[in-house]
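The following exercises concern a protein model and are each followed by a worked solution.

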Amino acid sequence: MGGMIQPTSVAMYDISRFSLSDMTRCGMELRKLGIGTESMEDVAGRVVSFLHAELSSPSGVGACALVRTFITLPYAQLDSEQQEFAALLFPQITSQPATKCLTLLATAGDQ
């Protein structure tokens with residue numbers, strides 16, 4: 001991943017009290033995460049790390065055990081390893097290259 005841009009806010013977002021103001025600040029922080037990245041995977045990695053670190057519960061503990069981003073891609077656009085895995089689960093997919101596949105872009109968290 002490219003160099004991580006640190007959020008400008010020091011306070012975590014309490015999701016039980018997530019206000020319009022919080023949404024605006026959080027949105028501004030999220031938009032900054034794409035600066036200097038070279039791929040959507042880099043941006044996704046920054047987004048999941050930010051949300052995992054910044055969303056809290058009322059007790060101040062992290063609110064998300066796991067944060068992930070996904071994208072749907074046609075089978076034909078998956079890399080060879082992903083195509084192999086998909087074909088193991090659904091052998092008929094090799095004859096249907098336009099079939100959309102849910103693909104993990106980034107993950108952050110405990111598991």
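**Exercise 1.** Identify which residues of α1 meet which residues of α2, and describe how the two helices cross.

*Solution.* Step 1: Cys26, Glu29 and Leu30 in α1 are in contact with Val47, Phe50 and Leu51 in α2, where contact means heavy atoms within 4.5 Å. The model is predicted: local features need pLDDT of at least 70 and side-chain atom pairs count only at pLDDT 80 or more, whereas totals for chains, interfaces and linings use all residues. Residues are numbered from 1 along each chain as its sequence is written, and side-chain values use heavy atoms, with hydrogens and water left out.

Step 1: Ala, Val, Leu, Ile, Met, Phe, Trp, Tyr, Cys and Pro count as nonpolar, Asp, Glu, Lys and Arg as charged, and the others, Gly among them, as polar.

Step 2: The axes of α1 (residues 20-32) and α2 (residues 40-54) come within 9 Å and cross at roughly 145°. Axes are lines fitted to C-alpha atoms, for helices over the stretch in contact, and angles run from 0 to 180 degrees between N-to-C directions.

**Exercise 2.** State how many helices and strands the protein has, and give their pattern along the sequence.

*Solution.* Step 1: There are 3 helices and 4 strands; helices (H or I, at least four residues) and strands (E, at least two) are DSSP runs, numbered from the N terminus.

Step 1: Along the sequence, the pattern is β-α-α-β-β-α-β.

**Exercise 3.** Determine which element gives the most to the lining of the largest pocket, and how the lining divides by class.

*Solution.* Step 1: The lining of the largest pocket has 15 residues, and Ala86, Phe90, Ile93, Cys101 and Leu102 lie nearest the pocket's centre. A pocket is an open set of points on a 1 Å grid over the protein atoms alone, where a 1.4 Å probe fits, with protein on both sides within 12 Å along at least five of seven lines; lining residues have an atom within 4 Å of a point.

Step 1: α3 (80-89) and β4 (100-109) each supply at least two lining residues, and β4 gives the most, with 5 residues.

Step 2: The lining has 9 nonpolar, 5 polar and 1 charged residues.

**Exercise 4.** Is glutamine 96 buried, partly exposed or exposed?

*Solution.* Step 1: Glutamine 96 lies in the loop between α3 and β4.

Step 1: Glutamine 96 counts as partly exposed because its relative accessibility is 40%; buried means under 20% relative accessible area, exposed over 50%, and partly exposed in between (1.4 Å probe, protein chains only).
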